[in-house]
Amino acid sequence: MTRLLGRGRLAARRRIEAVAATELLAACLAAGASPVRAAEAVAEVLDGQAAQALAAAAGALRRGEPPEQCWTGLAAVPDLAGVGRILARASVSGTRAAAAMGVEAAGLRARSRAAAGAALARVGVWSVAPLALCFLPAFVCLGVVPIALGLTPALLR
């Protein structure tokens, strides 16, 4: 059970990091920053897997690697595949990515809320397990066993 809780916390933390990274990217892009500078700024502010991926992509772009390859590398991080596609498309077409990044951030927030709601619904199911483990043996000992012992002499005759 502890392992399940730890895994759930890790997934929630990753979703929160992805939402924060996407929202910060959208804000930087809307303020007029270039995608590379926006990725560097977000990587400086955040901590975690999303920040590392953004810093790696920005570093690869500064070294002169193809933008499509650098940005699509963000797909290795859960929930950042859409961000990578938006930035790769913007680097090829030259369009601004701020509006699309805002839409992606809203979608990530909605998915994060849905995942949190599903986790909350699972808590209700898991909270019944200790009650079952406590009350079921008591029910058997206090309800079933006395009846079975009371019927045993009649059945043996």
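Reader: Which helix does alanine 30 lie in?
Author: Alanine 30 lies in helix α1; helices here are DSSP runs of H or I with at least four residues, strands are runs of E with at least two, and both are numbered from the N terminus. Before we go on, this is a predicted model, where local features need pLDDT of at least 70 and side-chain atom pairs count only at pLDDT 80 or more, while totals for chains, interfaces and linings use all residues. Residues are numbered from 1 along each chain as its sequence is written, and side-chain values use heavy atoms, with hydrogens and water left out.

Reader: Thanks! Is alanine 30 buried or exposed?
Author: Alanine 30 counts as exposed because its relative accessibility is 51%. The cut-offs are under 20% relative accessible area for buried and over 50% for exposed, with partly exposed in between (1.4 Å probe, protein chains only).

Reader: And what is alanine 30 in contact with, leaving aside its neighbours within four places in sequence?
Author: Arg96 and Ala98, where contact means heavy atoms within 4.5 Å. Alanine 99 is 69 residues away from alanine 30 along the chain, and their C-alpha atoms are separated by 7.6 Å.

Reader: Staying in α1, why does threonine 22 count as buried?
Author: Threonine 22, in helix α1 (residues 2-30), counts as buried because its relative accessibility is 0%. Apart from neighbours within four places in sequence, threonine 22 touches Leu80, Val83, Met101, Glu104, Ala105 and Leu108.

Reader: How many of the residues count as buried?
Author: 26% of the 157 residues. As for contacts between residues at least 6 apart in sequence, 50% join residues at least 24 apart.

Reader: New topic: at what angle do α2 and α3 cross?
Author: Roughly 145 degrees, and the axes of α2 (residues 35-45) and α3 (residues 49-63) come within 8 Å. Axes are lines fitted to C-alpha atoms, for helices over the stretch in contact, and angles run from 0 to 180 degrees between N-to-C directions.

Reader: Which residues meet there?
Author: Val36, Ala39, Glu40, Val42 and Ala43 in α2 meet Ala51, Leu54, Ala55, Ala58, Leu61 and Arg62 in α3. They divide into nine nonpolar, no polar and two charged. Nonpolar covers Ala, Val, Leu, Ile, Met, Phe, Trp, Tyr, Cys and Pro; charged covers Asp, Glu, Lys and Arg; the others, Gly among them, are polar.

Reader: Is leucine 61 buried or exposed?
Author: Leucine 61 is buried, with a relative accessible area of 15%. Leaving aside neighbours within four places in sequence, leucine 61 is in contact with Val36, Pro67, Cys70 and Trp71.

Reader: Last one: where does arginine 113 lie?
Author: Arginine 113 lies in helix α6 (residues 98-156). Arginine 113 is exposed, with a relative accessible area of 57%. From valine 36, arginine 113 is 77 residues apart in sequence and 29 Å apart in space, C-alpha to C-alpha.
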